[in-house]
Amino acid sequence: MGESGRAFTHEKCPGLWVFLGAGSKNLIHRQHRPGELFKRFKMSLTSILAADAIESAVKDCQAPESFCYKKFFQLCGLTKKSPQEVKDVFRILDNDGSGFIEEEELKFFLQRFSPGARVLTDKETKAFLSAADDDNDGRIGAEEFQTMVLS
Ligand SMILES: [Ca+2]
Ligand SMILES: [Ca+2]
């Protein structure tokens with residue numbers, strides 16, 4: 001009897017209630033992690049970058065240890081995008097909506113662009129992180145990301 005009461009079902013945990021007021025106010029009650037919420041409203045990378053550019057960028061670093069962030073950003077066309085578009089890409093890469101790209105998210109960087117891509121090696125992940133992490137807090141903020149891509 002007690003077991004069913006502990007079940008984690010959609011009926012019992014709808015996860016998210018959004019109340020849209022008559023005006024511009026949105027009252028959002030979050031029951032789960034904030035990342036769950038942001039995922040639903042995120043745009044996709046292919047709405048910002050051309051699919052064939054993404055494909056060639058991912059192909060270029062197929063071999064382990066061949067990832068070069070500068071080349072990747074150039075090939076996928078990100079370096080030609082506006083600061084706002086770069087920020088949009090940042091928000092997509094920040095998978096859990098924490099406001100930062102953590103090392104764990106950075107590892108799966110290529111897979112955000114192409115689901116079949118490889119994960120970055122530890123060495124590549126660390127090099128990528130330290131190239132962007134100007135304030136040395138071990139994660140990449142939106143401004144750090146913009147600086148890395150656009151400068
Ligand atoms: Ca994050
Ligand atoms: Ca940082």
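Predicted model: local features only at pLDDT ≥ 70, side-chain atom pairs only at ≥ 80, totals over all residues.
View 1. Residues are numbered from 1 along each chain as its sequence is written, and chains are lettered from A and ligands numbered from 1 in the order in which they are written. You can find nine helices and four strands here (DSSP runs numbered from the N terminus: H or I of at least four residues for helices, E of at least two for strands). Along the sequence they follow the pattern α-β-β-α-α-α-α-β-α-α-α-β-α. Among contacts (C-beta atoms, placed from the backbone, within 7 Å) between residues at least 6 apart in sequence, 49% join residues at least 24 apart.

**View 2. The largest nonpolar core.** A nonpolar core is a set of buried Ala, Val, Leu, Ile, Met, Phe, Trp, Tyr and Cys residues joined through C-beta atoms within 7 Å. The largest one here has 20 residues, and A57, V58, C76, V86, F113 and F145 touch the most other members. Two or more residues come from each of helix 3, helix 5 (83-93), helix 7 and helix 9 (142-150). In soluble globular proteins, nonpolar side chains tend to be buried together.

**View 3. A closer look at C76.** Which residues does C76 contact, leaving aside its neighbours within four places in sequence? They are L49, A53, I54, A57 and F113.

**View 4. R112 and its surroundings.** Look for R112 in helix 7 (residues 109-113). R112 counts as partly exposed because 19 C-beta neighbours lie inside 10 Å. Setting aside neighbours within four places in sequence, R112 is in contact with L45, I92 and L93. From R112 to N95 the C-alpha to C-alpha distance is 8.9 Å, and the two are 17 residues apart in sequence.

**View 5. Positive phi at E65.** E65 is not a glycine, yet its phi is positive, near 70°. You will find E65 in the loop between helix 3 (51-60) and helix 4 (69-75). Is E65 buried or exposed? E65 is exposed, because 10 other C-beta atoms lie within 10 Å.

**View 6. Positive phi at N136.** Here N136, also not a glycine, has a positive phi of about 55°. N136 sits in the loop between helix 8 (122-132) and strand 4 (139-141). With 7 other C-beta atoms within 10 Å, N136 is exposed.

How values were computed: Contact = placed C-beta atoms within 7 Å. Buried ≥ 20, exposed ≤ 12 C-beta atoms within 10 Å, placed from the backbone.
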